Amino acid sequence: MAKVLRLFACMLSLALFLSLAPAGYSLAGAADEAACETAAFEPSPGAAQNGAPGAASGTSEKKLLPLHEINERVAEYGSMTIEGMKPEDYDASQSLVWTPLNTAGEPRPIDINLSEPMNFSVFEERMRNLDKYEGVEVSVIGKSAMGRNIYMVKVAPGGEEGKPIIMLSGNVHAREFAGADYLTKILNDTVRKSQTDPKTRSLLEKVVIVAVPLVNPDGREMIINGGNRNRKSNANGVDLNRAMPAANAGQLSKGVKRVKNFSTKPGLYFFAGYNLGSESETRAMIKWFDYYVPKAFVYIDLHQQGGSQYYNKPFSSAKSDSLSKDFAKRINLLLKKGYRLVSESKYFGLNGDGGTMTDYARSVAEGFRYSYAYGRLTLGIDGEETPLVVFKDIDDRMQYYNPANASFRAVTIEIGRSPSYLGAGSRARALRKREYKKYGWDGFLTGVIGNVLALQPQ
Ligand SMILES: [Zn+2]
């Protein structure tokens, strides 16, 4: 096994001989001569006559390996089912500029009634109003496929320095309205309350909250405008929660049957794109995660599939899973035991699935980095970019993990009790309003802050 890996690693290093090392990776040991002596591999004439690894630079060297080439390389371990994220798309994600709204004027105290509809223009008005509060900054972090703004709300009265960061997101899936509805109401109500309630104010001053309440504005708006109410995808028919170039995205371990929830063409759900990370929404989220995950305390993603929480990842360390599980338990208590813990591993893994927002966040936390050659997050082993499908086959793989954030937690909360809770309809809105009240979502943010502070090392 070790020998095979070394051969594989050697071939990979030769393939990448002149490629520019992604930030954080050292190519110093890439051309491991001892390993390469055993490899029956002829470098191309171009590679052979050039100088030291890393000498070349420029985007032309950032070359994505075609899927069939990757699959030849990983054939012993399994296969990739989706083309990787294109280097130009990854670079575009990294060069996105966040634009603060800087809205002028005094905030209006807004009462948000969850049984009333919230279309995109109402949502934008609420974002602009939030931005007017002191200590709140709303920024545009990217655009949707149809050009709608993707907003981040940052709540940090009294500054950010040294404070634990809480990441929140919602409505990645179009029909799962609770994400954007709940987060917008929670942020509005908590910030508003902090203006007159010293206890709430004091809690907000102890943390930094960064929230992307509406990740998939086009998909949501298509449903509001009468489109198919089962849509999870964005306007291009891409399921954003399959499209992230996470460590486990679209890979199939040898002998494992591909999950049924997988589509090879655009549609309402389960299509990861023709390439991973192809969507403008995924590019915005990649930059957001790359920036915040290495220093964040917790990330919570709000979905809607029936009163549960997911906390574990098949590729994560047991310690990292137990941190997330502990936080999920705390959320369950906070929300009146309305969201039971469900283990993800029996549903996901290297079965062609993966590529969710939490998969990506946890991948970054575990130290996986984007590889231009593979077009997805890989782990550096002795300076080699190693995709998870290979890596999973290595005994004692955890010794190779080099976490970017060893105390990171991520939890997915599934709101709703049945399909009737989904979408834009009046009954769904009434049901979601009832659930919000029944399980105490009004205290969600302050409760999460309280738990974060209790877990902070003193
Ligand atoms: Zn979902």
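In this predicted model, pLDDT is the predictor's confidence in each residue, from 0 to 100.

Q: What are the mean pLDDT of the protein and the share of its residues that reach 70 or more?
A: The mean pLDDT is 87, and 85% of the residues reach 70 or more.

Q: Why should residues 1-60 not be read in detail?
A: Over residues 1-60 the pLDDT stays under 50. Where pLDDT is low, the predicted coordinates should not be read in detail. The 77 contacts that the model has there beyond four places in sequence are therefore to be taken with that caution.

Q: What makes helix 12 mostly covered?
A: A residue is buried if 20 or more other C-beta atoms lie within 10 Å of its own. In helix 12 (residues 357-365), nine of nine residues are buried, among them Asp359, Tyr360 and Arg362. The buried residues pack against several elements, including strand 5 (165-170), helix 10 (280-292) and strand 14 (409-414). Just after helix 12, Gly367 has a positive phi of about 100 degrees.

Q: Which residues touch the most other members of the largest nonpolar core?
A: Among the 112 residues of this core, they are Val153, Ile166, Ala211, Val298 and Ala361. Helix 7 (residues 178-194) gives the largest share of the core, seven residues.

Q: How do you know that Ile166 is in contact with Val298?
A: Two residues are in contact if their C-beta atoms lie within 7 Å, and Val298 is one of the residues listed for Ile166 once neighbours within four places in sequence are left aside. Val207, Ile209, Phe297, Val448 and Val452 are also in contact with Ile166.

Technical notes. Residues numbered from 1 in each chain as written. Predicted model: local features only at pLDDT ≥ 70, side-chain atom pairs only at ≥ 80, totals over all residues. Buried ≥ 20, exposed ≤ 12 C-beta atoms within 10 Å, placed from the backbone. Helix = DSSP H or I, 4+ residues; strand = E, 2+ residues; numbered from the N terminus. Core = buried A, V, L, I, M, F, W, Y, C linked by C-beta atoms within 7 Å.
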